[in-house]
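Please open the model in your viewer and follow the selections below in order.

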Amino acid sequence: MWKRATSSLKSLLSFHITQEGSKLNNAFHCHRFISGSPLHFQEKDVVSPKHMDSVITFVLGGPGSGKGTQCARIVETFGFKHLSAGDLLRKEMVSDSEYGAMILETIREGRIVPSAVTVRLILREMQYGDNRKFLIDGFPRSEENRIAFEHITGTEPDFVLFFDCPEEEMVKRVLSRNQGRIDDNIDTIKKRLKVFEALNLPVIDHYARRGRLHRINAVGTEDEIFEQVRPVFAACEQTAA
Ligand SMILES: Nc1ncnc2c1ncn2[C@@H]1O[C@H](COP(=O)(O)OP(=O)(O)OP(=O)(O)O)[C@@H](O)[C@H]1O
Ligand SMILES: Nc1ccn([C@H]2C[C@H](O)[C@@H](COP(=O)(O)O)O2)c(=O)n1
Ligand SMILES: [Mg+2]
């Protein structure tokens, strides 16, 4: 299960995404070697060699399906480092970032931020500290996210969790979350659910076809759900030992 990521400096430096592409159906288009792109990766975004033997888990599910809640349990029990793409984007949004306004508008509209921004934030976090077991929550949200990450790092996730939750339950949970998020309102939730279905389900199908998907029934108490999650990580630990 512990695998070797073949991170390629060359592909990282030459990977570009146009902002124009980001407007197309939210399914952002990856272009290599596009000159004049306003968003591009730089040498400092390279995945550090010390992370070459990482365990990477993607945590997927619709808005309010319980990804963040279960990630906290996984961190506590199995010592993974939790990277929430949404949290990283919110942090970037309130910093002095040149992308702040774009991120705010995109999140408010329930759309997906271009991968050039999100992947950079994730890779940067992966380089801090010594923990090489990563839970990447809320990513990839689209095929464009997935292809960008896999292209830049030269690796696939070891496995993918999918919290499968009925829409009605997700809406109920988000509306009672009370964390002051600008996207936790009924109008944005409806948009996020549509984006989830159109852009995230294809990613989930992709990993199911690759034999990497663990589908978790996200209805039940937090404890009941964690009892489905636990064996996935316990098996991973055994393989690594
Ligand atoms: N099993 C559960 N039963 C009831 N409520 C839950 C359950 N798991 C989480 N919640 C609650 O539902 C809300 C959404 O959970 P959480 O933030 O973990 O979802 P998420 O998948 O990370 O959502 P988002 O994609 O919007 O960040 C929170 O208020 C959380 O406390
Ligand atoms: N890969 C991602 C993850 C998140 N976002 C944006 C759009 C989401 O609606 C918002 C909140 O994410 P969450 O906290 O619900 O995981 O952040 C994105 O554009 N790309
Ligand atoms: Mg979350």
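In which helix is the place of Asn200? Select helix 9, residues 186-209, in this predicted model: Asn200 is there. Asn200 has a relative accessible area of 1% and is buried, because buried means a value under 20%. Now show what Asn200 touches, leaving out residues up to four places away in sequence: Leu60, Gly61, Pro140, Arg141 and Val195.

Next, select the residues that UniProt, in an unreviewed entry, gives the feature "binding site": Gly64, Ser65, Gly66, Lys67, Gly68, Thr69, Arg177 and Gly220. Show the largest pocket alongside them: its lining takes in Gly64, Ser65, Gly66, Lys67, Gly68, Thr69, Arg177 and Gly220 from this set.

From this set, go to Gly64. Look for this residue in the loop that runs between strand 4 (55-61) and helix 3 (67-78). Gly64 counts as buried because its relative accessibility is 14%, and the cut-off is under 20%. With neighbours within four places in sequence left aside, the contacts of Gly64 are Met170, Arg173 and Val174.

Then move to Gly220. This residue is found in the loop between strand 8 (213-217) and helix 10 (222-240). Is Gly220 buried or partly exposed? At 35% relative accessibility, Gly220 counts as partly exposed, since this class lies between the 20% and 50% limits. Not counting residues up to four places away in sequence, Gly220 touches Arg173 and Ile225.

Finish by selecting Arg173, which is among the contacts of Gly64 and is also touched by Gly220.

Key:
Residues are numbered from 1 along each chain as its sequence is written. Chains are lettered from A and ligands numbered from 1 in the order in which they are written. This is a predicted model: local features need pLDDT of at least 70, side-chain atom pairs count only at pLDDT 80 or more; totals for chains, interfaces and linings use all residues. Side-chain values use heavy atoms; hydrogens and water are left out. UniProt positions are given in the numbering used here, feature names are shortened, and annotations may be inferred rather than shown by experiment. On a 1 Å grid over the protein atoms alone, a cavity is a set of points where a 1.4 Å probe fits but cannot get out, and a pocket is an open set with protein on both sides within 12 Å along at least five of seven lines; lining residues have an atom within 4 Å of a point. Helices (H or I, at least four residues) and strands (E, at least two) are DSSP runs, numbered from the N terminus. Buried means under 20% relative accessible area, exposed over 50%, partly exposed in between (1.4 Å probe, protein chains only). Contact means heavy atoms within 4.5 Å.
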